[in-house]
Amino acid sequence: MPHIPIDLNKLDGPNHDQIVELLTKALETVGFFQVVNHGVPTQLLERVKEKAHQFFNQPLEKKSIYLHEVNKNPFAKYESSYAPEEEEVMEWGDHLDLFYKTDDEAHKYWSEECKEVTLEYMKGSTKMARRIFEVLIKKLGVTVVDNEAIDAYIASKMVVAMNFFPKCPNPELTLGVGRHSDVGTLTVLLQDEVGGYI
């Protein structure tokens, strides 16, 4: 299947059915798709990437306050996989997971460097994800009688996972991240210009 970015701006317009078919075909065949005109401002996307880099470029002692072995903070978890003695194949990267329940908890527990922009991004991308979710539910033939139930389901599963893969001096000995499947119903991926391999 050729890669065709899916224009979410065309949902609910004259090309609605064609866009829904593109979404479902992509999910049935490859499991992912790229969207454009999704309603999340480009400037916000760039600020999220900039703030993530700010967090990861800090000295280790500043980041390590979020290490889950050190801090029992249930809403922010930092991990570094620079621990070759613990891994069969060395993964080379840092990871920050920010778990969302309420704005108050995010403001209290998330990293100072990126919490404001991450909250803004999460809310914008959640609106987009909700719209995709609605379309897919309808395509499955499910009648939604309680929109609040959908909102509650989405809100109960929100995690922003930031991953940083710095340049490795011996890339032939490492992976950025091994094969995996994301948990949850829908992953919204914001990728920087570095890219990766499948």
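Colleague: Is Asp-12 buried or exposed?

Modeller: Keep in mind that this is a predicted model. Asp-12 counts as exposed, because its relative accessibility is 61% and the cut-off for exposed is over 50%.

Colleague: Where does Asp-12 sit?

Modeller: In the loop between strand E1 (6-7) and helix H1 (16-29). Most residues other than glycine have a negative phi.

Colleague: Which loop holds Asn-37, and what is its accessibility?

Modeller: Asn-37 lies between strand E2 (35-36) and helix H2 (42-56). Asn-37 is partly exposed, at 48% relative accessibility. Phi is positive there too, near 50°.

Colleague: Switching topic. Which residues touch the most other members of the largest nonpolar core?

Modeller: Leu-96, Leu-98, Trp-110 and Met-162, in a core of 24 residues. Elements giving two or more residues include H2, H5, H6 and strand E5 (94-99). H5 gives the most, with four residues.

Colleague: What does Trp-110 touch?

Modeller: Leaving out residues up to four places away in sequence, its contacts include Tyr-66, Phe-75, Leu-98, Leu-119 and Met-122.

Colleague: What about a second core?

Modeller: That one is separate and has eleven residues, among them Ile-6, Leu-8, Val-20 and Val-135.

Colleague: And which residues make the nonpolar surface patch?

Modeller: Leu-140, Val-142 and Val-144 make a patch of about 280 Å². Leu-140 is exposed, with a relative accessible area of 70%. Leu-140 lies in the loop between helix H5 (115-139) and helix H6 (147-156).

Technical notes: Residues are numbered from 1 along each chain as its sequence is written. This is a predicted model: local features need pLDDT of at least 70, side-chain atom pairs count only at pLDDT 80 or more; totals for chains, interfaces and linings use all residues. Side-chain values use heavy atoms; hydrogens and water are left out. Patches are made of residues with over 30% relative accessible area and no salt bridge: like charges are joined within 9 Å, nonpolar side chains (Val, Leu, Ile, Met, Phe, Trp, Tyr) within 5 Å. Accessible areas come from the Shrake-Rupley method with a 1.4 Å probe; for residues, only the protein chains shown count as cover. A salt bridge is a side-chain nitrogen of Lys or Arg within 4 Å of a carboxyl oxygen of Asp or Glu. Buried means under 20% relative accessible area, exposed over 50%, partly exposed in between (1.4 Å probe, protein chains only). A nonpolar core is a set of buried Ala, Val, Leu, Ile, Met, Phe, Trp, Tyr and Cys residues joined through side-chain atoms within 4.5 Å. Contact means heavy atoms within 4.5 Å.
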